[in-house]
Amino acid sequence: MPFLKTLTAAAVLAALIWLICPTPELRQPPGRRVETDPIQADGPPQPLGKIQGYDVTAVATYEITARVLGTKRYWADHQKLVPYDVALGWRPMSDQAVLDQLEFSQGNRFFFYQWAQQPPIPLPEIVCHASNHHVISANRKVASSVADLRRGQCVHMRGRLVNVTRPDGFHWNTSTTRSDNGNGACEIFYVEEITVADELPAARVIATK
């Protein structure tokens with residue numbers, strides 16, 4: 001049936017465009033930013049059970065409000081457990097005036113940032129106020145919200161930082177500090193609740209030139 005074939009081809013083309021052309025970033029007024037740090041409470045290890053064949057153990061409660069700096073969908077490398085990485089920024093790393101001077105990318109479970117000549121803020125400030133999160137969704141609602149995240153949005157997520165193991169000896173440990181960098185610096189985040197907004201909080205606006 002020619003009509004059906006045409007619809008199928010159109011659907012495939014639309015899917016390819018969606019994969020190749022990312023959704024444009026939501027821009028925010030310069031100077032407006034998330035003014036809260038992530039909240040973490042360490043505790044004794046608490047097994048959460050087996051998820052997608054992995055044993056997941058919580059090591060801290062974790063709550064964050066931040067600006068979405070990027071998301072990356074993975075089709076391999078533990079993709080059933082952690083299909084998405086979400087890079088987040090808060091305080092200066094949620095300010096449009098700062099972010100416009102940086103370029104971001106994600107790959108191989110890492111989050112990268114770079115600048116043209118010199119960083120817009122001191123490098124330790126970048127490191128301490130931006131992080132890559134390997135997201136394990138606790139339910140379908142969370143999974144759907146994570147899949148729909150758009151760069152520039154404000155997101156609030158609550159859940160646990162977890163370590164992951166497998167009977168064959170595989171282990172994957174979460175970071176439990178915001179000041180680390182490089183391999184092992186990402187948070188493995190079991191997300192139980194998520195709220196998304198298109199605008200950053202307007203409680204405080206910092207004047208910028």
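# Contacts and strands in a predicted model

Student: How many disulfides does a search of the whole structure find?

Tutor: A disulfide is a covalent bond between the sulfur atoms of two cysteines. To be counted here, the two sulfur atoms must lie within 2.5 Å. The number of disulfides found in the whole structure is 0.

Student: How many of the residues of strand β3 are buried?

Tutor: Strand β3 covers residues 84-89. Y84, V86 and L88 point one way from the strand, whereas D85, A87 and G89 point the other way, and all are buried.

Student: Which residue of β3 stands opposite T71?

Tutor: Strands β2 and β3 pair in the antiparallel sense, with 6 bridges between them. In β3, the residue facing T71 is V86.

Student: Which residue of β6 stands opposite D85?

Tutor: Strand β3 is also joined to strand β6 (residues 130-137) by 6 bridges, and these two strands run antiparallel. Opposite D85, the residue in β6 is H134.

Student: D85 also forms a salt bridge; what distance separates the closest N and O atoms of R109 and D85?

Tutor: D85 belongs to strand β3, while R109 is in the loop between β4 (103-107) and β5 (110-114), so the pair links distant parts of the chain, 24 residues apart. Both R109 and D85 are buried. A salt bridge requires a nitrogen to oxygen distance within 4 Å. For R109 and D85 the closest N and O atoms are separated by 2.7 Å.

Student: Over the face of which ring does R109 lie?

Tutor: Besides its salt bridge with D85, R109 has a contact with an aromatic ring. R109 is 4.0 Å from the ring centre, and the ring is that of Y74.

Student: How many residues apart in sequence are E25 and R67?

Tutor: The side chains of E25 and R67 meet in a salt bridge of 2.9 Å, N to O. E25 lies in the loop between α1 (2-20) and β1 (39-51), and R67 lies in strand β2, so the pair ties together parts whose separation in sequence is 42 residues.

Student: What is the relative accessible area of R67?

Tutor: E25 is partly exposed, at 27%. R67, in contrast, is buried, with a relative accessible area of 0%.

Student: Which strand holds E193, the partner of R158?

Tutor: R158 and E193 form a salt bridge, with their closest N and O atoms 2.9 Å apart. Each is partly exposed, R158 at 30% and E193 at 42%. R158 lies in strand β7, so the pair ties together parts 35 residues apart in sequence; the strand of E193 (residues 187-197) is β9.

Student: What type of aromatic pair do Y54 and F170 form?

Tutor: A pair of aromatic rings is described by the distance of the centres and the angle of the planes. For Y54 and F170 these are 6.0 Å and 75°. Because planes over 60 degrees apart meet the criterion, the pair is edge-to-face.

Student: Why does the pair of Y54 and F170 tie together separate parts, and how many residues apart are they?

Tutor: Y54 lies in strand β2 (residues 54-73), whereas F170 lies in the loop between β7 (154-165) and β8 (171-172). Both residues are buried. The pair therefore ties together parts whose separation in sequence is 116 residues.

Student: Which residue joins Y54 and F170 in a cluster of ring pairs?

Tutor: F170 also has R166 over its face, at 4.8 Å from the ring centre. In the cluster, ring pairs link Y54 and F170 with W172.

Student: What type of aromatic pair do F110 and F112 form?

Tutor: F110 is partly exposed at 31%, and F112 is partly exposed at 41%. Their ring centres are 6.1 Å apart, with 35° between the planes.

Technical notes. Residues are numbered from 1 along each chain as its sequence is written. This is a predicted model: local features need pLDDT of at least 70, side-chain atom pairs count only at pLDDT 80 or more; totals for chains, interfaces and linings use all residues. Side-chain values use heavy atoms; hydrogens and water are left out. Rings of Phe, Tyr and Trp (its six-membered ring) pair if their centres lie within 6.5 Å; planes under 30 degrees apart count as stacked, over 60 as edge-to-face and the rest as tilted. Helices (H or I, at least four residues) and strands (E, at least two) are DSSP runs, numbered from the N terminus. Buried means under 20% relative accessible area, exposed over 50%, partly exposed in between (1.4 Å probe, protein chains only). A charge sits over a ring if NZ of Lys or CZ of Arg is within 6 Å of the ring centre and within 35 degrees of the ring normal. Two strands pair if DSSP finds at least two bridges between them.
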